[in-house]
Amino acid sequence: MTSFKKNHDGMVAFILCLVFCLFIPNAESINLVADFYTQNGQFGVCSEAITGEDSAYLRSHVGAYQFGSLIGYRANEDCAVGFDAGEGKQVLVKFLRFSLQEPTNSVCQDYVTIEELGRDDNFTYCGSQAIAPYVSDENNITLIFYSDSTTQLSGFKILLTSFRTATGACPAGEFKCDSTRCIDDSLKCDGVLHCVDGTDEESDEAGCSWFDHVIGAVLSLGEHTILAIGILAGSVIFVIITAVVVYHVVIKKKKNRVIPITPTKHAKARDSVATTSDSPKPVTSSKTTSSSKSSDKQKKATPSPSKKTTVKRTKKVAPMEDDADW
């Protein structure tokens, strides 16, 4: 049994090594999209600029479309976040999820505004309608999220991607999509549609394998979402392992323990009675007893032929006469 277990463990390790060695090198890209939040306080990036990222998720608050849409954004938020695509690049803004308070008399109560230097017109969005992608003219944009004190809904999830415009071929290390846009090679086959036409996730155009699609389905959830799932799964596994160890070490060992039992006085008395009743008693018949007695009497009465019978005769003693002189 032990040798079988060792062989089984070795076989599993070999298969896992074979899978990782064969398929991981064939993965075009393993890219984890970072998460940022337009909320004041902890985890928020208000009044800051996102730099050094080829792509990022900008969410209205912690929990926005990470575990469904149950958690709403905060009230009275007024947060401005910048995004720097890098020198010579532009920003593609895609509204993946968007659910804010509906406007009142055509006036937005909760809204997102995109501002850009050199552009006089600002773009403001509210409500829950589908929003077309926004393409910047420059490499820097500012997104402002504002919410009042009334209704708070699910918020938004925005994908920010830096790209370079090119009429011809893209530079080395970049992938061409949307006819004229060049994105970083690390962004293709990662489970996220960074391009409008979606060619960065296609097998024919981008060369994505089935393994890329499987890994991308997980990585597309976002950095913090994967971290939260990992912590939750680790906690569940820890609880299960702890329960199994406690069961085998404490409960099962306690069940298998032999406890000596000291008999009480009543138990001893019952045992002695049971022992006495179980022991066999000699059975004597009354007829046998009577016959043995009669045979004994006959033996006593019948003289032995080998012995002579002698009759003892008692001598008669004459009565003594009284002496006159006495």
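The model I am reading is predicted, so I kept to its limits, with pLDDT of at least 70 for local features, side-chain atom pairs counted only at pLDDT 80 or more, and totals for chains, interfaces and linings using all residues. Residues are numbered from 1 along each chain as its sequence is written, and side-chain values use heavy atoms, with hydrogens and water left out.

**Entry 1: disulfides**

I looked up the cysteines, taking a disulfide to be a pair of cysteine sulfur atoms within 2.5 Å, and I found five disulfides in the structure.

The sulfur atoms of Cys 189 and Cys 208 lie 1.9 Å apart in a disulfide, and I noted that the link is left-handed, with -85 degrees about the S-S bond. Because Cys 189 sits in the loop between β12 and α2 and Cys 208 in the loop between α2 and α3 (210-219), this pair ties together parts that are 19 residues apart in sequence. Are these two cysteines buried or exposed? I find both Cys 189 and Cys 208 buried.

I then turned to Cys 177 and Cys 195, which are joined by a disulfide with an S to S distance of 1.8 Å. The torsion about their S-S bond is about -75 degrees, so I recorded this disulfide as left-handed. Cys 177 belongs to strand β11 (residues 174-177) and Cys 195 to the loop between β12 and α2, so parts 18 residues apart in sequence are tied together by the pair. Cys 177 counts as buried because its relative accessibility is 3%, and Cys 195 counts as buried because its value is 1%.

In the disulfide of Cys 108 and Cys 126 the sulfur atoms are 2.0 Å apart, and the link is left-handed with -55 degrees about the S-S bond. The pair links distant parts of the chain, 18 residues apart, with Cys 108 in the loop between β5 (90-99) and β6 (111-115) and Cys 126 in the loop between β7 (123-125) and β8 (134-135). Cys 108 has 24% relative accessibility and so is partly exposed, whereas Cys 126, at 7%, is buried.

Numbering the bonded cysteines of the protein in sequence order, I wrote down the pairing as 1-2, 3-4, 5-7, 6-9, 8-10.

**Entry 2: salt bridges**

My rule for a salt bridge was a side-chain nitrogen of Lys or Arg within 4 Å of a carboxyl oxygen of Asp or Glu, and by this rule I count six salt bridges.

Asp 35 and Arg 59 form one of them, with their closest N and O atoms 2.9 Å apart. Asp 35 is in strand β1 (residues 34-37) and Arg 59 in strand β3 (residues 55-59), so the pair ties together parts that are 24 residues apart in sequence. How accessible is Arg 59? Arg 59 has 0% relative accessibility and therefore counts as buried, and Asp 35 is buried because its relative accessible area is 3%.

Glu 174 and Arg 164 meet through their side chains in a salt bridge of 2.9 Å, N to O. This pair links distant parts of the chain, Glu 174 in strand β11 and Arg 164 in strand β10 (residues 155-165), 10 residues apart. Glu 174 is buried because its relative accessibility is 16%, but Arg 164, at 25%, is partly exposed.

For Lys 188 and Asp 185 I noted a salt bridge whose closest N and O atoms are 3.8 Å apart. I also noted a network of salt bridges linking Glu 116, Arg 119 and Asp 137.

**Entry 3: surface patches**

For patches I used residues with over 30% relative accessible area and no salt bridge, joining like charges within 9 Å and nonpolar side chains (Val, Leu, Ile, Met, Phe, Trp, Tyr) within 5 Å. Lys and Arg count as positive and Asp and Glu as negative, while His and the chain ends are not counted; a charge is placed at NZ of Lys, CZ of Arg, CG of Asp or CD of Glu.

Asp 197, Glu 202, Asp 204 and Glu 205 gather in a surface patch of negative charge. I located Asp 197 in the loop between β12 (181-184) and α2 (203-206).

A nonpolar surface patch is formed by Ile 237, Ile 241, Val 245, Val 246, Tyr 247, Val 249, Val 250 and Ile 251, together about 690 Å² of accessible area; such areas come from the Shrake-Rupley method with a 1.4 Å probe, where for residues only the protein chains shown count as cover. Ile 241 lies in helix α4 (residues 223-256).

Conventions: Helices (H or I, at least four residues) and strands (E, at least two) are DSSP runs, numbered from the N terminus. Buried means under 20% relative accessible area, exposed over 50%, partly exposed in between (1.4 Å probe, protein chains only).
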